[in-house]
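Please find below a short note on the structure under review. It is arranged as numbered points, to be read beside the sequence and the model.

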Amino acid sequence: MRTPLPWLRLLLTLTAFALALPRLAAASRERILFDADWRFALGHATDPARDFNHATGYFSYLAKTGYGDGPASPVFDDRAWRRINLPHDFAVEAPFDPRGTASHGFKGVGRQAPEGSVGWYRKTFRIGADELGRRFHLQLDGAYRAARVFINGFFVGEEPSGYLGVSYDLTDYLRYGADNVIAVRVDATMEEGWFYEGAGIYRHVWLVKTAPVYVAADGTWVRTDLTAAEARATVETQLVNAGAEPVRVDVVQTVLDPEGRAVAETSTSTAVSPGPALMHTTQLRVPAPRLWSLEQPTLYRLVTVLRRDGREIDRYETSFGFRTVRFEPDRGFFLNGQRVTIKGTNNHQDHAGVGVALPDALQAWRIRRLKEMGSNAYRCSHHPPTPELLEACDRQGMLVIDETRLMGSSPYHLTQLERMIRRDRNHPSIILWSVGNEEWAIEGNITGARLAATMQRTVNRLDPTRLANAAVSGGWGGISSVIQAVGVNYIKQADPDRQHATHPWQVLLGTEETTTQQTRGIYFDARARAHLSPQADGTSGGNAELGWKFYAARPWAAGVLFWTGFDYRGEPTPFGWPAVASQFGILDTCGFPKDGFFYLQAWWTQEPVLHVFPHWNWPDRIGQPLTVTVHSNCEEVELWLNGASLGRQRMEPNGHLSWTVSYQPGELVARGYRDGREVRVATRVTTGEPAALRLQPDRTTLAADGRDVAVVTVRIDDHAGREVPTAAVPVRFAVRGPGRIIGVGNGDPSCHEPDVVFAPTRAVPLGAWRAPDPAVREGVIEQDFVFDRPVLAAGEHLTLLLNALGTRQSVHLNGKPLQVDVDPAAARAEVALAADDLKPTGNVLRITATRYAEWRDREGLAQFHPAVLRVEAPAPEWRRTTFNGLAQVLVQTTGEPGEILLEASAPPLRSAAIVIKATHPEP
């Protein structure tokens, strides 16, 4: 078929647009999850040749629009790249490397490892011809970092921060009725933080389709005022008109209760002109609303509908809650008029197995673990969080301190602060906006005071319903002299009593306090392996008991948040290599509790708690004294060893109990009493040798949506079914059915086993390729590629990837025809090869093709090699060695319903298997 003349193509396009207008006027919003079916490959931070020759063309993408080259070009051949689904963290896939920085967990990413610091992502998708006239936005919730985005070879933007979402309008760049290509280059060379940050597109990606008049992204804000009888919701909505003429729309705002019933509604008409967004404000009254609280986190929905001529053209939903928050300098924090002591933790965003690419279900699981401990507050350390983390806090009743990444008053810093607040301010869980953390260069001077004051004014302008907070550690008198809610990072480095006395107008809370640092299950230091017993004097001074007692005795303080809830990669204080993770966590990187978990649970919850430690497997310490410690909120505890009482002690409020015991194998029993009655019993037993595996999933039924996750504990038992607390057993895993393993871990801060395995691919170009002169538009291209058979490892297989060099193409391999006079669509082919199809040396691939007539087609030949061998290897086996008896496997559904079988084996131990059902929700 001949290519239509340019004027005819234009006429056809305009006709299609005109025919589409009636349908488009009625088209409402679509928000499509864009996580599936991406291609990924590592580039290079310093060598352009190893970065697929990106940005090396005569015209760069900054010189001429539409000149994205290398993987940014739409004709680039990415078929030799790995197929992946997002979210994805390529840093967690990287090997441990002593060249890496300690702060980032010694991963092969960063300035010392340019070969592992750049990642390329590409996705091809089709837009229908009938969709011309709609608006299309690509929304990246987070990519670490410096994410450079291209669509069809056009550069559309670069986001320097790895923690802020960004949205790009793709409308003008799209090809309607054809395929489109998104390319994203991320560069993790430069660090934003001093902790593990991952690398890649580690949050969700969305494609948002709207009519030309629509509600802006993050374009609604619901402010609530409560009285005894009702609530008033003031709704601000940003309306955008991307068309050429003013449009009058009806704005319908409906509040839905948790059951989906409409409890309030308003409708107003307004004209929306092209240009800057229009701010539309309305009020709704809701009688007797149910309040959002820690115990009953009730959520409502605001549904904003835009109608034009009676037809719906946009629908935008906003989750929110009715609640009041108030801080008083002399009385602390109040939620819905009731004083609540903040009992919280700080957390980074990574988890064992998946790095920073946490599935939504794992975000929710981590919040549940913290709530089990009695925690009611979560500080996002030290950057804006993943949106799904905030949604989990909303749903489960967890207070949040939301924190920007870096202090400053330049447009760079204030814009980041504003984007965070506009994105997150509808979340009822958020109680404070943090503008900075431990900025030692400015904490105690006038510069810090000025910057904090400017950022605070920005916070108060954008959200007058919440206070500004900053965390201070050591430098007092600058930031701390102006901030509304001062955060104390470590009482050993501050004088909170003095600060409260000299700044009586100021709210004060402990934003960071030392935990009882420990390696889970370790009770005697083994520093060569970076293993710590419980520390009475942690790195920043003190321990969890000292910190909690301090704040519990000061009711004027709002509360305290410990550093940290979970262990995290990087900051292996006080160690260096081979330690790769921190040990500040109350839980380890897998979420397995350490002993300090039970100290806080005892004093942060009401139900009886009784926990005794250490374990009772000490064959080398028979007859030697051991300190036995009990964490409990029981009034009295009696300790027994092998049937003999070792004494009964009374528990001090917010304290713990301990006994010195001469070790003998057997059974250690603690009995807890309230009002003289036994209410809890805890035991430690000397176990036998490892004999069997046990798998314990957090759930046995998952949604068959391709995203839901089961968190599976791997346990080593003895012959009597008792957990062996010292077992280090290499375990192999296999999964069958509609599920996949996405990561493994064990909580050992010095473990260098891979958390992730995948099927590697590599590309072998077949000889040198010199693209023909694009100025020549007639004749035939003919080239022979002479190559040797690549050396193959066991299990590797070959695929020949062919590209179209012209309008008609023929290909012969060692004289055997692979293609004969085919068109470009058929010429772009994949041909499976056996190793025997190739000679050890001197293979000849001959390609002949009729030259393209179009300039861009001819010029595009420089963007790819016409013949590449893709070498694919099978994925390695999933393995993990248990650490002190435990490991963890994360199992994700693939999208199909059915039974997922997870098997674990470690001969000669008895193997284990579990079935997890993946089901579609009932309609």
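The points below concern a predicted model and take up aromatic rings, a sheet and salt bridges in turn.

1. Aromatic pairs. A pair of aromatic rings is described by the distance of the centres and the angle of the planes. Across the whole structure, the search finds 30 aromatic pairs. One of them joins Trp 548 and Trp 604: the ring centres are 5.7 Å apart and the planes stand at 80 degrees, so the pair is edge-to-face. An angle over 60 degrees is what this term requires.

2. Other aromatic contacts. Phe 40, Phe 90 and Tyr 121 make up one aromatic cluster. Rings also meet charged side chains: Lys 64 lies over the face of Phe 59, at 5.4 Å from the ring centre. Likewise, the charged end of Arg 621 is placed over the ring of Phe 524, 3.6 Å from its centre.

3. A four-stranded sheet. Four strands form an open sheet in the order β41-β48-β43-β46, and their pairing is antiparallel. Strands β41 (761-765) and β46 (830-833) are at the edges; each has a single partner strand, so one side of each is left without a neighbour in the sheet. From one strand to the next, the twist averages 25 degrees.

4. Within the sheet. Strand β43 (residues 797-802) and strand β48 (residues 867-872) run antiparallel and are joined by six bridges. Leu 798 stands opposite Val 871 of β48.

5. Salt bridges. Side chains of opposite charge can pair when their charged atoms come close. The count for this model comes to 63 salt bridges. Among them is the bridge between Arg 423 and Asp 424, at 2.5 Å from N to O. Both partners are buried: Arg 423 at 16% relative accessibility, and Asp 424 at 1%.

6. Partly exposed partners. Glu 259 pairs with Arg 261, their closest N and O atoms being 3.2 Å apart, and Glu 259 is partly exposed at 46% relative accessible area. Glu 328 pairs with Arg 326 at 2.8 Å between the closest N and O atoms; Arg 326 is partly exposed, at 36%.

How values were computed
Residues are numbered from 1 along each chain as its sequence is written. This is a predicted model: local features need pLDDT of at least 70, side-chain atom pairs count only at pLDDT 80 or more; totals for chains, interfaces and linings use all residues. Side-chain values use heavy atoms; hydrogens and water are left out. Rings of Phe, Tyr and Trp (its six-membered ring) pair if their centres lie within 6.5 Å; planes under 30 degrees apart count as stacked, over 60 as edge-to-face and the rest as tilted. A charge sits over a ring if NZ of Lys or CZ of Arg is within 6 Å of the ring centre and within 35 degrees of the ring normal. Two strands pair if DSSP finds at least two bridges between them. Helices (H or I, at least four residues) and strands (E, at least two) are DSSP runs, numbered from the N terminus. Axes are lines fitted to C-alpha atoms, for helices over the stretch in contact, and angles run from 0 to 180 degrees between N-to-C directions. A salt bridge is a side-chain nitrogen of Lys or Arg within 4 Å of a carboxyl oxygen of Asp or Glu. Buried means under 20% relative accessible area, exposed over 50%, partly exposed in between (1.4 Å probe, protein chains only).
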